[in-house]
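Please look over the complex shown here before reading the notes. The points below are grouped by topic.

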Amino acid sequence: MSLDVPSSARPSAGGASAPIVEVRNISQIYPGGVEALNNISLTFPEGELTSLLGPSGCGKTTLLKIIAGLLKPTAGEVLVKGRPVTGPGPERSFVFQDFALMPWATVIRNAAFGLELRGVARSEREAVAEKYVAEVGLKGFERKYPHELSGGMRQRVGLARALAVNADIVMMDEPFSAVDEQTRRQFQEDLLRLVATERKTFLFVTHSIEEAVYVSNRIVLLSRRPSRVSEIIDVNLPRDSDPDGIRRHPDYLDTVERIWQTLKHYLD
Amino acid sequence: MPPTAEGLRHASVPAPAPSLAISLKEWAQHPLTLRILSIVIAVAAWEYAGRLPVSPSFPTFSDTFLAFVGMLADGSLPAAFAVTLAPLAIGVAISALIGVAIGVAMGLNEKVEWLGVPVFIVLQAAPLAALIPVLVLAYGIGVTTKVSVVCIMAMPVIVLNSFKAVRHTPHSLLDMGRSFMGNRRQLIGKIILPSATPVIFAGLRLGTAAGFVGAVLAELLVTPTGIGDIITYNQSIAEYPKMYAAIAAVIIVSVLFIELLGFVEQRFLRPEKRGS
C-alpha cells in the first residue's frame, strides 16, 4: 500500500532500499498475562525514517525497546544487519521519552556519555560531543546542567548523545511528547534536516498522526493491544520545500486524514 | 542561540542602585535573617520561661549561657566532649562505612536484600535502648559497649536509606546506560551510585543524629563519662544551669556536624547544586 506522489524529491524512494532491521514474528506477553505484541513481522529499510504509530498503550515503545535489545521478546527474533539481537549494540542508539539525562552531569558530559561508556578518551569524546551539541543548536550551553535547560533543550542533549556514538540506527521513543507544541514543531524541522545530513536510519515512535506524516518516509500503523501491523504507508512529500508548504501540501493533508480514518476504528 | 541568551540575561538584571527601602525589605526576607530571628525568638522564650520560673529546676537562658562560658573557660566542657566524641566518632565511622556498603549491596543484589532487609527493619523499629543492658553484659562498661550503642542506633537508618537510594535509581537512566553498552561496573559507578548520593547522604545525616543520641544514652545508662557525666553530676547537685548548658552543647555540636555533612555533600558530590 503506498501513496505514490510524483513530486517526490528524495533520491531514495521508500521501500526500495535493503532492510537494515528485520522483525520476525515478535510476540510480547508481560508477566500477568498482558499481551502487548502479537506476532509482528516488519522490515525497516536503510536510510529511511520509519514511524511506529498507533493508539496509546498499543506496544509501540515495547517494540522499539525489543529492537534496541533492552527487552527480551516472549517469542520471535530481531535481526539487525542480518545478525540476531541479543542485547544493545554499537550500531543502535536510543533517544528516550523522558530524556534520561544525568542531573549531576553537564551538557557536554551527558552528550559524550555513550562514548565515555565505550572507553573513549576524555578529550576525544568531548570534541565529538561538542560537534553534535553545536549541531543540535546548543552551542554555548556545554557547561550547563540539565536543570538549567528547558525541556526542548534537554531533549536536544539526548539527541546529541544518540548521534555522538555514530550508530547506524537511531531509535526515538516519543522524543517530543514531553515538550511544548512550538518547540515540537521546531524540533521536527531540525529532525528533517538531521535525517538529510546524517544519512542514518531512524526509527521513530509517536502517537501524533501529524508528527508521523510530517517527519516520516514510512509509517507503520499498529492496531490496539495485542498489537499487529495494521497498515504500512509510504509518505513521499516534497522535503525540499519550506515547512509550512509541506504542512499545507494536499498529500500531507490526505495522508493525515487517511490514517485518522484507520485509527478511528481502534477507539473505544 | 548564545546572543539571545545574553540578551535575556541583560534584560533580567535588576536596575542598579536599588532604593534603600527595597534593600531593607530584601534584607528582612533574607533566609539568614529569618534563621537568626527564629533563634532569637527561641532564646527569648527560654529566658522568659526561666524567669517565671516554670520549674525551680529550669534555669534562664542567661544563667545557662554563663555556665556554658564558665565550663568552656575552665576546660571541663572541652574535656568532656573529647571523652564523648571518641566512641561517637568510631561508632559513626563504622556505621557509615559498613552501613552504606551493606545498604548498597542490598540494593544491587536481591539475595542480599532478602537476607538483610528484615534484620534492619526490625532493628529500626525496636526500642534499641532496651538492648543496652544486654550489651553491658556482653562487653562490660568500656568503650566497646558505647561504640556498639552508637552503631545500633546509627546503622539501621543508614543501611535502609542506602538500600532505598540504590533501588530507586530512575529506570530510564539504567536503560540509557544499557542501551549505550555500559557494563555492570560502569552502571554502578557512573549511574547508580551518583544517582543514589543524595538519599545516601540523607541517611548519613539521620544516622549521625541517631549516633549522638546513642552516645549520650550510653553515657547516661552505662557509665557516666564525658557529657553524660556533666549532665548526671550537675543534676544530682542541683546545678541546673550547668546541666542545661551541657545538653545544649550536645545539641549544637550535633546540628553543626550534620550541617557540615550537608555542606561536604553539596560542595564535593553535587556539582549541579553548586553556584546555582
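**Briefing on a predicted two-chain model**

Helix α1 (residues 60-68) of chain A lies across β1 (19-29), β2 and β4 of chain A, and its direction is at about 120° to that of β1(A). Axes are lines fitted to C-alpha atoms, for helices over the stretch in contact, and angles run from 0 to 180 degrees between N-to-C directions. Helices (H or I, at least four residues) and strands (E, at least two) are DSSP runs, numbered from the N terminus.

This is a predicted model, in which local features need pLDDT of at least 70, side-chain atom pairs count only at pLDDT 80 or more, and totals for chains, interfaces and linings use all residues. Residues are numbered from 1 along each chain as its sequence is written, while chains are lettered from A and ligands numbered from 1 in the order in which they are written.

**The sheet of chain A**

- An open sheet of 4 strands has the order β2-β1-β4-β5 (chain A), with antiparallel pairing; two strands pair if DSSP finds at least two bridges between them.
- β2 (35-45) and β5 (83-84) of chain A are the edge strands, each pairing on one side only.
- β1(A) and β2(A) run antiparallel and are joined by 7 bridges; one bridge partner of this kind is A:Phe44 in β2(A), which faces A:Val21.
- The hairpin of β1(A) and β2(A) has 5 residues between the strands, and A:Gly32 there takes a positive phi near 105°.
- Strand β4 (residues 75-80) of chain A pairs with β5(A) in the antiparallel sense over 2 bridges, and A:Val80 stands opposite A:Arg83 in β5(A).

**Helix packing in chain B**

- The axes of helix α8 (residues 143-167) of chain B and α10(B) come within 7 Å and cross at roughly 160°.
- α8(B) is therefore roughly antiparallel to α10(B), a term for angles over 145 degrees; those under 35 count as roughly parallel, 65 to 115 as roughly perpendicular and the rest as oblique.
- The crossing of α8(B) and α10(B) is right-handed; a crossing has this hand if the near helix is turned clockwise from the far one by less than a right angle, and is left-handed if anticlockwise.
- The contact of α8(B) with α10(B) has 20 nonpolar, 8 polar and 2 charged residues.
- Ala, Val, Leu, Ile, Met, Phe, Trp, Tyr, Cys and Pro count as nonpolar, Asp, Glu, Lys and Arg as charged, and the others, Gly among them, as polar.
- α10(B) and helix α12 (residues 240-269) of chain B have axes that come within 10 Å and cross at roughly 160°, so these helices too are roughly antiparallel to each other.
- Residues of α10(B), including B:Phe201 and B:Phe212, meet residues of α12(B), including B:Phe257 and B:Leu261.

**Where the chains touch**

- The contact takes 23 residues from chain A and 20 residues from chain B; two residues are in contact if their C-beta atoms, placed from the backbone, lie within 7 Å.
- On the side of chain B that touches chain A, α1 (2-12), α9 (171-179) and α10 (184-221) of chain B each give two or more residues, and α9(B) gives the most, with 7 residues.

**Confidence**

- The mean pLDDT (the predictor's confidence in each residue, from 0 to 100) of chain B is 87, and 91% of its residues reach 70 or more.
- pLDDT stays under 50 over residues 1-15 of chain B.
- Where pLDDT is low, the predicted coordinates should not be read in detail.
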